[in-house]
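My notes follow in the order I worked.

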Amino acid sequence: MDDKISIKINGKKYKVAGDQTIMHAADACGYHIPRLCYHPELSIEGACRVCIVQVEGVKNYVASCCYPVADGMKIHTNTAEIRRARRDIVELLLDNHPEDCHTCERDGNCELQRLAYAMGIRHRHFEGVKKHYEKDLSSPSVIRDPNKCILCGRCVRICSEIQGINALGQAFRGFETIVMPAYNKPFAESVCSTCGQCINVCPTAAFTEKNYTQELFEKLNDTDIIKIAQVAPSVRAAIGEAFELPPGRNMQGELAASLRKLGFNYVFDTQFSADLTIMEEASEFLERLQSGGKLPMITSCSSAWMKCMEQFHPDLIENVSTCKSPMSMGGAMIKTYFADKIGIDPKKILSVAVMCCTAKKYEAARPELQVNGMAATDIVITTREAAWMIKSAGLDFVNMKPEEFDAPLALSSGAGTIFGVTGGVMEAAIRTAYELFTGETLLDIEIESIRGFEGLKEGKLTMDGKEIRVAVAHGLGNAHKVLDTVRKEPDRYHFIEIMGCPGGCIGGGGQPYAGSNSVPLDKKALAARAQALYTSDRQKTIRRSHENPEIQRLYREFLGRPLSEKAHELLHTHYAPKKPVGITTKNKKAVIGK
Amino acid sequence: MAYEYAITICDGTGCIQKGVRNLRQALDDELAKHQLTDKVKINLSGCLGMCDKGPVIVVNPGYTIYGNLVKDDITEIVTEHLIKGNPIARLAIQEDFMYNRFFRVFGDAKFFGKQMRIALRNCGIIDPDSIDDYLALRGYEALAKVLTDMTPADVVEEVKKSGLRGRGGAGFPTGLKWDFTAKQQANEKFVICNADEGDPGAFMDRSAIEGDPHTVLEGMIIGGYAIGAKKGMIYIRAEYPLAIKRLEKAIKQARANGLLGNNILETDFNFDIEIRLGAGAFVCGEETALIRSIEGRRGMPRPRPPYPSVSGLFGKPTLINNVETWANIPVVIMDGAEWFKTIGTEKSKGTKVFALAGKVVNTGLIEVPMGTTLRQIVYDIGGGIPNGKQFKAVQTGGPSGGCLPADYLDTPVDYESLAKAGSIMGSGGMIVIDEDSCMVDIAKFFLEFTQNESCGKCTPCREGTRRMFEILTRITEGKGKAGDIENLQRLGNMIIKSSLCGLGQSAPNPVLSTIKNFREEYEEHIHNKKCRAGVCANLISYTITDKCIGCGACKRVCPTNAITGSAKNKHTINQDKCVKCGMCFETCKFDAITKL
């Protein structure tokens, strides 16, 4: 390449691309400069100053994350002086940190802890006062603990740049600076979508999920109730990472076996209810298409998206599918269809969902999702919580003998599997809608144009000569964009899939923390998780939801047909505009951001 | 109508506070009483710079400056000076020589003797509310010259040649900045005037705008023409209501006169200026933080590059200069770079405005040629240290500047020399410190300000300055320990070299410079638990000497009953009970109590 330049790192000559930062150039040459606020998917903050290096001819140290390389530049990453400065900077962070590592949620998986070790901080010079704030426990999904915050700003950036929610911002000055929701109101009253991406990117435990493991452990010992778990597709694709397995290992059988060992009487598969969702959603779409209903129809599986939509896009409420999410459909079936089947009072059932998601905790508490006055889902735990419970119970997860899910909510098609990846719901819906509409089976079922991690994907297909245009958005920031397009061009799309998290559920806010050699939301890890689900789909003989014999039986024995009165009662819901703190309807743009 | 006298009344903030507006009323009444209203023209001006002598008025012809006026003085001035023609020596501020290239209007005040006014050339002379006053003194002539005789590239070249450097503190060559911004290809560019003056005790920019708002506008319009911008913004703190009012009025006048808006001076050049108010965060004086603040976001600096000249306001190329820099532009254009270059030193051309404050006889606003020594400023212009006290240090550059001791008094004021001496030019704060001040306490004072004003973004500044402040607090409370000085230096040097923006990169300066120049004071505080200036309360002890006659006055005023002793016998102070309030020291008529 012609645009290569010569630089020296620590006295050694390298040829590197000229249009990059010192950090990236050093990475390419095998020097991993320590870093903290830097995140490859987010804008450059330059705040932590941990990545400083010396450049000959520059008076001050430069932050390698934002300083561009130049021809002839002589960089030093590891002199005694720069090591000491970096060490002192990390010590300053520790000085204002609770340092209760042994009792911390992130113990052993904390970037600050790792950094302090790597910097060689073995004694302290500058200790002084520490900040003290109350934890914010108000949200059903996310706990905010400003004491642990080191102000790297990753949460603020992901919430605004990727999610477009802007629930968080820095407030006050100097040592008193704190990350908080608008007006420092409780998190629960804020615009937070509960997606949990702040947890994913937080290097410490300033954001954690609301933890239900202790409560669940207690209930699992209760012999008077029937304990039932359901497991979301993307949990099996990621949970291995919490046990130091490489990303992309499908741990479905190990997970089913472990949950039984933890004390669950039945372990069901949310992929089954995903097939059910497709039956209802595809039918709803066709009904809207044929009877002139509101289009484009927008999917409703993602709970963070649901909250976001009610807050920021109430004008499009009618476009959103009334279908409940697979979790809530599954919960509803557990407390009705399955309870009937085994002859148990549904009040005696504990319905637990193991999800990749923190927003599902919020969803489970939504009153309109109740079934016969009962919560459809009693407890939601994340992939992380499930992994911790398995470890805490002393189960040898990695070497566990795989087991199957329990009938009758077990069997799933490949369509239900790919729900966990962005584009998957759309692909699954098309597989079924095509056949319901045309009476013919769609043969070319892997729809490449809506796969992959492009923020906004478009696709089209022809059904009986009618062109159907679809769009897929993942990450709420992309959702805002596609909806702006809908407002401008209402006829551009017929059907839109929106997932709240980057990559879809596989990138959910409840997935395992990044290990010591990766970064949160690493693109490669997400791709490996996606591949695990696509492979599973390909290995199945049944790849269309409507071909799932258990689904057919469910309709035959219980629900009648899709969109029947019973289906409406149990599987559909409604939405209402919400106006949390920080929303001003007059100038929606200012709230939504870019 | 022939006026016999013109009286210029200083209507700057300092004089307003000292009641100049009541004097104005008195003057009007007095003139009316003597039927002189149509014989005496009254002008209002911006700050004359002699704030400690306010209220100030100037009577012309004769250039008589009257200061420290009270209401009765007005009667005397009218009857004696205006009617009988005898200036009143008692009230006049009289010194010998006046050196000013532009206007010999100030009269014989030594205060002005070493000064040279370029940025402030009209301040105190014209009525800032009158565009006619500004036009009369060659106002907007530079703009006319630029629009008719010069290409944008010519303008950039002229500014480059002049050697003008940014007056906001860092001293970046202004012409280069203009050049970079001019060369950017973009559909939109911006010009910004940084009037977010936040240094405690600094009022250079405020006075410049209050005294002569049109100069700033003219400079910005020229800048807009040079770089190809159509829009200018003035970012000024909301705490400057008078300056804002005058700017608003000036903008309105400029628009009405075809100097702002479309087709300026009937050319095809369009340019307009808007005002944006800052909420008073010190860090918003940093250019990238200021830009974010204008954009409606939290004013936090961002890493550079890209510099604002490439990606500034709303991501567009932006030319951002400080008030004083803008005020220099019309002069550079009007009188040419060749002339401008003759003033100042080799690397620092032109003049610099300072807000002279602290323990000095004449406090106020001054403008001196670069290269003037600190000694000339402190002693010739400032009139030396009052009350026969000893000079101890001069602190330049605002809260982030260094403290220079007497050895450095012959340092010429320019960017390089001040940096070499261990301080900075900064935006122009200058505080004189005398022997009554404790250098550790001074360092603590400045650091307290900067650590409070840190935006909280980068670790070294947010956490590091707080730790330094804690160590300093400890030392001044007598709890300092061995290693504190070394830790202050270690932190200070790291913060300077690692911080994201200029605030952190300079915040430790007062501490490091006082350790360098007054290390013995730190050591006394830490090891001997003594504060030689008697400032740090915890390190003072009061003792009663043999001079005590046992009158009991000290015992009666002591609020904690720490003093015991019977009548006519020597009293003693119980050090455990003493709270060092100093009441006994103040009360003793026999000089029998010592403070150590």
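**Chain contact.** I count two residues as in contact if their C-beta atoms, placed from the backbone, lie within 7 Å. This is a predicted model, in which local features need pLDDT of at least 70, side-chain atom pairs count only at pLDDT 80 or more, and totals for chains, interfaces and linings use all residues. Residues are numbered from 1 along each chain as its sequence is written, and chains are lettered from A and ligands numbered from 1 in the order in which they are written.

I looked up the contact between the chains. On it, 29 residues of chain B meet 29 residues of chain A. I then asked which helices supply the side of chain B that touches chain A. Helix H16 (439-453), helix H17 (459-476) and helix H18 (484-498) of chain B each give at least two residues to that side. My helices (H or I, at least four residues) and strands (E, at least two) are DSSP runs, numbered from the N terminus. For residue classes, I take Ala, Val, Leu, Ile, Met, Phe, Trp, Tyr, Cys and Pro as nonpolar, Asp, Glu, Lys and Arg as charged, and the others, Gly among them, as polar. The side of chain B that touches chain A then splits into nine nonpolar, nine polar and eleven charged residues.

**Domains of chain A.** Domain bounds come from an automatic or database domain assignment. For chain A that assignment lists domain 1 (4-78), domain 2 (122-209) and domain 3 (213-571). I checked domain 2 of chain A against domain 3 of chain A: their C-alpha centres are 29 Å apart. The contact takes 18 residues of domain 2 of chain A and 25 residues of domain 3 of chain A. On the domain 2 side, helix H4 (154-162) and helix H5 (197-201) of chain A are the elements giving two or more residues. H5(A) gives the largest share of that side, four residues. By class, that side of domain 2 of chain A holds eight nonpolar, eight polar and two charged residues.

**A sheet in chain A.** I pair two strands if DSSP finds at least two bridges between them. An open sheet of four strands in chain A has the order S12-S17-S16-S15, with mixed pairing. Strand S12 (297-298) and strand S15 (456-463) of chain A are at the edges with a single partner strand each, so one side of each has no neighbour in the sheet. Strand S16 (residues 466-474) and strand S17 (residues 495-499) of chain A run parallel, joined by five bridges. Val470(A) has Phe495(A) in S17(A) as its bridge partner.

Next I looked at the helices on this sheet. Axes are lines fitted to C-alpha atoms, for helices over the stretch in contact, and angles run from 0 to 180 degrees between N-to-C directions. Helix H15 (residues 424-438) of chain A lies across S15, S16 and S17 of chain A, at about 15 degrees to S15(A). Helix H16 (residues 476-488) of chain A also lies across S15, S16 and S17 of chain A, at about 145 degrees to S16(A).

**A sheet in chain B.** Four strands of chain B make an open sheet in the order S7-S6-S5-S8, with parallel pairing. Strand S7 (272-278) and strand S8 (318-322) of chain B are its edge strands, each pairing on one side only. From one strand to the next, the twist averages 20 degrees. Strand S5 (residues 190-195) of chain B pairs with S8(B) over five bridges. Phe190(B) is opposite Thr318(B) in S8(B). Helix H11 (residues 241-256) of chain B packs on the sheet and touches strand S6 (231-237) and S7 of chain B, at about 165 degrees to S7(B). Helix H13 (residues 323-340) of chain B lies across S5 and S8 of chain B, at about 95 degrees to S8(B).

**A helix pair in chain B.** The axes of helix H6 (residues 141-149) and helix H10 (residues 213-227) of chain B come within 9 Å and cross at roughly 10 degrees. H6(B) is therefore roughly parallel to H10(B) (angles under 35 degrees count as roughly parallel, over 145 as roughly antiparallel, 65 to 115 as roughly perpendicular and the rest as oblique). Contact residues include Leu143(B) of H6(B) and Ile221(B) of H10(B). By class, the contact of H6(B) with H10(B) has seven nonpolar, no polar and one charged residue.
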